[in-house]
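Please have your viewer open as you read along.

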Amino acid sequence: MITFYINTKGFEVTDKWESGCWTSIECPTAEETNFLISGLEVPESFLSDIDDNDERPRREEEDGWQLIVLRVPYRKDSHSHIDYTTVPLGMILKDDIFITVCNYKLDIIDDFAVYSIRKQITVANHYELVLRLMLSASVWFLKYLKHINIHMMQVQNELQQSVRNKEIVELQRIDNSLVYFVTSLKGNDVLFYRMVHTKSIRDICDDELVEDVEIELKQAEETTNIYRNINHSLSNSYSSLISNNINSTMKQLTSITIILMLPTLVASLFGMNVPNYMENNPFAMAYIIGGSIVLSLILYLFMKKRDFF
């Protein structure tokens, strides 16, 4: 889907491409890709790089064109093995052309356009728009982190009721999402610092905007690390709890086996075909059974005192 935005008092949708507009393409079709390559003469290698889901945050130049790849958060469908991940958002710049390309439908783009109109944001150059999108991506990282934290607390509450494999798997899914987040945020942070320490870019960007992006990036990175540490702590705690439960169960089963072994041993001794001085006693059976019960009871009380049960 292709959308053209013009920047007046915010980014408003326009019907066709015009010089200086922002061209946003999500889930590009063959026709839209052809428009970029043939109509705007975008290097085809840039689009190939954006197609790679593992593309890292970076900045590249080719024949006057610039490619800036940013990792942005993405919520996957409920049937996926992971709830949240990150995907590459490519920003292609040259003269009066600014293009964003992503192979996924993102919440960030529409939200940023609406926010820019509400706040009447205007950008002086392409790099300010890049920084605005970086800022929006960091905000969405924090939004998704709040959802992850709520999910993590729900799993914790369920684990307090009963420890099951399902909840442990959920914690693992959460950890996978946090790994993607922390890795992508580190890459975005490196990209941001390389950009703002490039003199030609720093001189034309608003210092307050640069500071805002830096703060949000750091906050998103620190929050992700905090939630990941909490998730690791939960996983380790409940793994230890499962191990303790297994040990307790095995101890109880072993104790029961020992108690049952005692009457079996007594019956085996008196059941041998050898003289035992009780073969002619009419109460021998009762004595043996009673003795076995008494010995088992004594052994049970001893183990109970030793906290085997």
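The lining of the largest cavity in this predicted model consists of four nonpolar residues, two polar ones and no charged ones. The residues in question are Leu70, Met134, Ala137, Ser138, Asn188 and Leu217. Helix 4, which spans residues 126-161, provides the largest share of this lining, with three residues. The space inside the largest cavity comes to about 30 Å³, and the count of cavities of 30 Å³ or more is one.

The largest pocket holds about 230 Å³ of space. Among the 15 residues that line the largest pocket, Asn53, Arg71, Thr85, Thr86 and Tyr180 are the closest to its centre.

Which residues line the second largest pocket? They are Asp111, Phe112, Tyr115, Ile121, Arg132, Leu135, Ser136, Val139, Lys143 and Glu216. Helix 3 (107-119) and helix 4 each supply at least two residues of this lining, and helix 4 gives the most, with five residues. Here the lining of the second largest pocket splits into five nonpolar residues, one polar residue and four charged ones.

| Space | Volume | Lining residues by class |
|---|---|---|
| Largest cavity | about 30 Å³ | four nonpolar, two polar, no charged |

Two packed helices are described by the angle between their axes and the distance between the axes. How do helix 4 and helix 7 pack, and at what angle? Helix 7 covers residues 207-270, and its axis lies 9 Å from that of helix 4, at an angle of about 20 degrees. Angles under 35 degrees count as roughly parallel, so helix 4 and helix 7 are roughly parallel to each other. Their crossing is left-handed. The contact of helix 4 with helix 7 is made up of 18 nonpolar, eight polar and four charged residues.

Helix 7 has a further partner in helix 8 (residues 284-305), with the two axes 9 Å apart and an angle of about 155 degrees between them. Is this pair roughly parallel or roughly antiparallel? Angles over 145 degrees count as roughly antiparallel, and helix 7 and helix 8 are therefore roughly antiparallel to each other. The crossing of helix 7 and helix 8 is right-handed.

Finally, a look at the charged pairs. The model has 10 salt bridges. One of them joins glutamate 26 to lysine 105, with the closest N and O atoms 3.2 Å apart. This pair links distant parts of the chain, 79 residues apart. Glutamate 26 sits in strand 3 (residues 22-26), while lysine 105 belongs to the loop between strand 7 (97-102) and helix 3.

Key: Residues are numbered from 1 along each chain as its sequence is written. This is a predicted model: local features need pLDDT of at least 70, side-chain atom pairs count only at pLDDT 80 or more; totals for chains, interfaces and linings use all residues. Side-chain values use heavy atoms; hydrogens and water are left out. On a 1 Å grid over the protein atoms alone, a cavity is a set of points where a 1.4 Å probe fits but cannot get out, and a pocket is an open set with protein on both sides within 12 Å along at least five of seven lines; lining residues have an atom within 4 Å of a point. Grid points are joined across faces, edges and corners, and a volume is the space filled by probe spheres set on the points. Helices (H or I, at least four residues) and strands (E, at least two) are DSSP runs, numbered from the N terminus. Ala, Val, Leu, Ile, Met, Phe, Trp, Tyr, Cys and Pro count as nonpolar, Asp, Glu, Lys and Arg as charged, and the others, Gly among them, as polar. Axes are lines fitted to C-alpha atoms, for helices over the stretch in contact, and angles run from 0 to 180 degrees between N-to-C directions. Angles under 35 degrees count as roughly parallel, over 145 as roughly antiparallel, 65 to 115 as roughly perpendicular and the rest as oblique. A crossing is left-handed if the near helix is turned anticlockwise from the far one by less than a right angle, and right-handed if clockwise. A salt bridge is a side-chain nitrogen of Lys or Arg within 4 Å of a carboxyl oxygen of Asp or Glu.
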